[in-house]
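Hi there,

Here is the structure I promised to pass along. Have a look at it first, and then read on for my notes.

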Amino acid sequence: MDQGRIGAGMVVLETDRLVLRRWRVSDAGLQRTLWTERDPRVPLHRRIDADGRPSLDDIEDRIRRGDPDASMGLLAVERRDVGDVIGYCGLIANDHGQDGEPELAYELLRAVWGQGYATEASLAVMGWAEESGHRRLWATVRAWNSASRRVMTKLGFVETARVDRDALHGDSLFYVKDFSGSDSTASAP
Ligand SMILES: CC(C)(COP(=O)(O)OP(=O)(O)OC[C@H]1O[C@@H](n2cnc3c(N)ncnc32)[C@H](O)[C@@H]1OP(=O)(O)O)[C@@H](O)C(=O)NCCC(=O)NCCS
């Protein structure tokens, strides 16, 4: 994956209700709240540990350092009217497809779920990916994650035959979006 190709450094995406932009240190509180709100089925490395890490300071440091989690292709999602940051949406590197095809990722505060924000933010990110020359996008969703699976459907992603089995955290389903409009690629790579 060419990191520069999907780097979020200078990108600003705008939708009717949202601005997607690079991270600021002041967004660390929002990021930590996302960590605290994660479903118990989410793997432990993405959950707050017994020592309370990552702490707010840890997350601020990551944003300052430009840690991949914070800055690679994941953009802060800000509401235009309220001016608050409600989560992230963007692109992450993976090896699911070919030629560095990236993966769509999103996570929003529970307080704002069900208002179409993930779909709206994702459409902007998909436009960005297509304009950047990507022909396909991937996404992985746990089988239990009904809301995210619904978002996939609304975005026109197609479920592939690939499933990574995980009895502990839930099976991961692989989805693909082909910008040419063909779903003939909806098979495991
Ligand atoms: C997945 C997530 C980003 C969705 O955000 P959102 O802003 O609520 O999404 P949207 O409002 O655009 O769409 C959600 C859709 O799922 C539906 N939905 C919500 N909960 C559902 C459930 N339990 N079962 C079925 N559908 C559900 C909503 O009704 C909506 O569909 P609709 O527009 O047809 O009514 C949000 O739930 C989240 O942050 N979850 C935790 C992080 C996560 O799972 N990230 C994705 C990892 S793959």
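Which element gives the largest share of the shell around the ligand? That is helix H6, with 6 residues. Before going further, please keep in mind that this is a predicted model.

**The ligand and its surroundings**

In total, 19 residues surround the ligand, and the closest are Gly114, Thr119, Asn145, Arg150 and Lys154. Sorted by class, the shell is made of 8 nonpolar, 8 polar and 3 charged residues.

The side chain of Asn145 places an N or O atom 2.6 Å from an oxygen atom of the ligand. For Gly116, a polar backbone atom is 2.7 Å from a ligand oxygen atom. Gln115 also takes part through its backbone, where an N or O atom lies 3.5 Å from an oxygen atom of the ligand. The ligand taken alone exposes 960 Å², and the protein buries 66% of that. Strand E5 (103-108), H5, strand E6 (136-142) and helix H6 (146-155) are the elements that give two or more residues to the shell.

**Thr119**

Thr119, one of the closest residues to the ligand, lies in helix H5. Is Thr119 buried or exposed? Its relative accessibility is 13%, so Thr119 counts as buried. Leaving out residues up to four places away in sequence, Thr119 touches Val151, Lys154 and Leu155. Lys154 is itself listed among the closest residues to the ligand.

**The nonpolar core**

The largest nonpolar core has 44 residues, and those with the most contacts inside it are Leu20, Leu104, Met152 and Phe157. Helix H5 (residues 117-131) gives the most to this core, with 8 residues. What does Leu20 touch, not counting residues up to four places away in sequence? Its partners are Val11, Val12, Leu13, Leu75, Ala76, Val77, Cys89, Ala121 and Val125.

**A charged residue to look at**

Asp27 sits in the loop between strand E2 (18-21) and helix H2 (28-37). With a relative accessible area of 3%, Asp27 is under the 20% cut-off and therefore counts as buried. Setting aside neighbours within four places in sequence, Asp27 is in contact with Arg21, Arg22, Ile63, Ala76 and Val85. Ala76 is also one of the residues that Leu20 touches.

Best wishes

Key: Residues numbered from 1 in each chain as written. Predicted model: local features only at pLDDT ≥ 70, side-chain atom pairs only at ≥ 80, totals over all residues. Heavy atoms only, no water. Core = buried A, V, L, I, M, F, W, Y, C linked by side-chain atoms within 4.5 Å. Buried < 20%, exposed > 50% of the residue type's maximum accessible area, 1.4 Å probe, protein only. Helix = DSSP H or I, 4+ residues; strand = E, 2+ residues; numbered from the N terminus. Contact = heavy atoms within 4.5 Å. Near = heavy atom within 4 Å. Polar contact = N/O pair within 3.5 Å; in protein donor to acceptor, adjacent residues only side chain to side chain. Areas by Shrake-Rupley, 256 points an atom, 1.4 Å probe, with all protein chains shown as cover. Nonpolar A, V, L, I, M, F, W, Y, C, P; charged D, E, K, R; others polar.
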